[in-house]
Amino acid sequence: MWIDTHCHLDAHEFGSESLQVAARSSAQGVAMIVIPAVERANFAIVRDLAAAAPNACYALGIHPIYVPQATEDDLIALRADVEAAMADPRFVAIGEIGLDFFIPMLCEPAMRARQEHFLREQLKIARDFDLPVLTHVRRSQDIVLKHARQIRPNGGIAHAFNGSFQQAQGYIDLGFKLGFGGAMTFTRALQIRRMATDLPLDAIVLETDAPDISPSWIHPGRNSPEELPRIGAVLAELRGLDIAQVAAVTSANARAVLPRLPLME
């Protein structure tokens, strides 16, 4: 069985198919799909989708790409929604949160500072409720690590990890796991494949980031959690391991870092 630790199953690219995609994924052995929120407007959407799909759960957070239009009221609402969601067995983490210093508009000094403010406030929410975080990190590994070290949430996942071995160890030291997905399937992705091969297996979780980060065999088409077993098979090949072993270990890793994950159904 597999766990997709990061999948935007509510994205418009899935249209009205989200529940069917979740069901097909279950038939492929994907026992759980984590659906992170990206803005206040989709908090209820991811919650309701997770309630409707037997193999889905959700996280709540404000993605750095949505920070420009977010307000302080959204942070207040997030805290209130998290408090209410603690009674929901389908709620597992704070996310997707982080920093994006890749998109030019988000790299302007005022916007960098605003992103860091939203990251810190959401890390505090995670800390206050003893929750892990799902982090978006583009060209900002060291700064995200700095804030995580200062605020100390209850671990988390560095989504779509693409840093150095030193940065990987920084996350591991904070109780994080490192997310690998479709990017790992490209033979030209030498650094990501080295990380996937050489990092301790107990530090790795699998993800699709569907509908984004399509694996090589469907790029540039729409990604899906249905692809996770094949992505996992690539990790097994890179490490010279049995596929069943990789499925078991990465799923155990996901459960260790996301202790509120629902049991397999």
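Is Glu227 buried or exposed? I began my notebook with this residue. Glu227 is buried, with a relative accessible area of 18%. I noted the cut-offs: buried means under 20% relative accessible area, exposed over 50% and partly exposed in between, with a 1.4 Å probe and protein chains only.

**Entry 1: the model.** I recorded that this is a predicted model, in which local features need pLDDT of at least 70 and side-chain atom pairs count only at pLDDT 80 or more, while totals for chains, interfaces and linings use all residues. Residues are numbered from 1 along each chain as its sequence is written, and side-chain values use heavy atoms, with hydrogens and water left out.

Entry 2: I located Glu227 in the loop between strand 8 and helix 8 (228-239). Here helices (H or I, at least four residues) and strands (E, at least two) are DSSP runs, numbered from the N terminus. Leaving out residues up to four places away in sequence, Glu227 touches Pro215, Trp217 and Ile218; contact means heavy atoms within 4.5 Å. I also looked up Asp4: it lies 223 residues from Glu227 in sequence, and 9.7 Å from it in space, C-alpha to C-alpha.

I then turned to Asn42, in the loop between strand 2 (30-36) and helix 2 (43-52). Asn42 is buried, with a relative accessible area of 6%. Not counting residues up to four places away in sequence, Asn42 touches Asp10, Pro36 and Ala37.

Entry 3: I traced an open sheet of eight strands in the order 1-2-3-4-5-6-7-8, with parallel pairing. Two strands pair if DSSP finds at least two bridges between them. Strand 1 (2-4) and strand 8 (204-206) stand at the edges with a single partner strand each, so one side of each has no neighbour in the sheet. On average, neighbouring strands of this sheet are turned by 30° against each other, direction ignored.

I followed some of the pairs. Strand 1 and strand 2 run parallel and are joined by three bridges, and Ile3 stands opposite Met32 in strand 2. Three bridges also join strand 3 (residues 56-60) to strand 4, where Leu60 stands opposite Ile94. Strand 4 is joined to strand 5 by six bridges, and Ile94 stands opposite Val133 in strand 5. Ten of the ten residues of strand 4 are buried, so this strand is largely enclosed by the rest of the structure.

**Entry 4: helix 5.** Which residues of helix 5 (residues 141-151) are buried? I listed Gln141, Val144, Leu145, His147, Ala148 and Ile151. Seen down the helix axis, these buried residues fall within an arc of 165°, so they line one face of helix 5; the arc is that of the directions from the helix axis to the C-beta atoms. They pack against strand 4 (91-100), helix 4 (109-128), strand 5 (133-138) and helix 6 (165-173). After helix 5 comes Arg152, whose phi is positive, near 60°.

**Entry 5: helix 4 against helix 5.** I found that the two axes come within 10 Å and cross at roughly 35°. Axes are lines fitted to C-alpha atoms, for helices over the stretch in contact, and angles run from 0 to 180 degrees between N-to-C directions. Among the residues making the contact are Leu119 and Leu123 of helix 4 and Val144 and His147 of helix 5.
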